[in-house]
Amino acid sequence: MNGNLIPIIILPALFITIGFVIWTLVNAWQRRLRLRLTTEFNSKLLDRIGSVKDFNDFLQTEGGAKFMDSMTVERSSSRPQDSILRASQIGIVLIMLGVGVLTLGWYFTTRYAGSGDFEVLTVIGVIAASLGLGFLISAGASYRLARMLGVLDTDGRRGGIHDAAAR
């Protein structure tokens, strides 16, 4: 690999990695702090409620209903449509990334022929495009399988634009 290309790749990768680690640590610290404050508030609130009757009266209010909603952990059920859409989106983005990197590799190879090792761009582009194609094939296979098993809504009426228009 050409010595001039190494700083171009390593320095941005180093800064991106350091930034990602810092962002992850700050995000985890904020979530931990938010969770601790919420837990302290909820425990103090529950300590102030003296009896079951007081607790029941509290739950009948709008604030009590919101409090119980915040206390319950609800796992969002993933619909097949969401997974298929996510795989399609990732596939399209990876294919476009691959095409872009392949275009850069072609441009640098034709413009600076013999002055650098730009095959790495071709390799990265092919890998990204292959992954994107794999995601799109996976989304298509998931869609067909979900339709065959009857998991998808055939009328398209549940939980979409049609529901909002019907209201």
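A search of the whole structure turns up 3 salt bridges, where a salt bridge is a side-chain nitrogen of Lys or Arg within 4 Å of a carboxyl oxygen of Asp or Glu. This is a predicted model, in which local features need pLDDT of at least 70 and side-chain atom pairs count only at pLDDT 80 or more, while totals for chains, interfaces and linings use all residues. Residues are numbered from 1 along each chain as its sequence is written, and side-chain values use heavy atoms, with hydrogens and water left out.

Let us visit the salt bridges in turn. Side chains of opposite charge can pair when their charged atoms come close. Arg36 pairs with Glu40, and their closest N and O atoms are 3.6 Å apart. These two residues are separated by about one helical turn because they sit 4 residues apart in helix 1. An α-helix has 3.6 residues a turn, so residues three or four places apart point the same way. Arg36 is partly exposed, with a relative accessible area of 44%, and Glu40 is partly exposed at 36%. Here buried means under 20% relative accessible area, exposed over 50%, and partly exposed in between, using a 1.4 Å probe and protein chains only.

In helix 2 (residues 52-59), Lys53 and Asp57 are also 4 residues apart, about one turn of the helix. Their salt bridge has its closest N and O atoms 3.2 Å apart. Lys53 is exposed at 57%, whereas Asp57 is partly exposed at 39%. Helix 3 (residues 62-71) holds Glu62 and Lys66, again 4 residues apart, and the closest N and O atoms of this salt bridge are 3.6 Å apart. Glu62 is exposed, with a relative accessible area of 59%, and Lys66 is exposed at 54%.

Now step back to the whole protein. It has 6 helices and 0 strands; helices (H or I, at least four residues) and strands (E, at least two) are DSSP runs, numbered from the N terminus. Of the 167 residues, 14% are buried. Among contacts with a separation of 6 or more, 63% join residues 24 or more positions apart, a contact being heavy atoms within 4.5 Å.

Where do the buried residues of helix 4 pack? They pack against helix 5 (119-149). Ile84, Ala87, Ser88, Gly91, Leu94, Gly98, Val101 and Gly105 are the buried residues of helix 4. Helix 4 covers residues 80-111, and its 32 residues should span 46 Å at 1.5 Å a residue, which agrees with end C-alpha atoms 46 Å apart. The expected span is 1.5 Å times one less than the number of residues.

The protein exposes about 13300 Å², and carbon and sulfur atoms supply 66% of it; accessible areas come from the Shrake-Rupley method with a 1.4 Å probe, and for residues only the protein chains shown count as cover. Val26, in helix 1 (residues 5-48), is partly exposed at 40%.

Finally, how confident is the predictor? The protein averages a pLDDT of 79, and 80% of the residues score at least 70; pLDDT is the predictor's confidence in each residue, from 0 to 100. Over residues 156-167 the pLDDT stays under 50, and the model has 7 contacts beyond four places in sequence for them.
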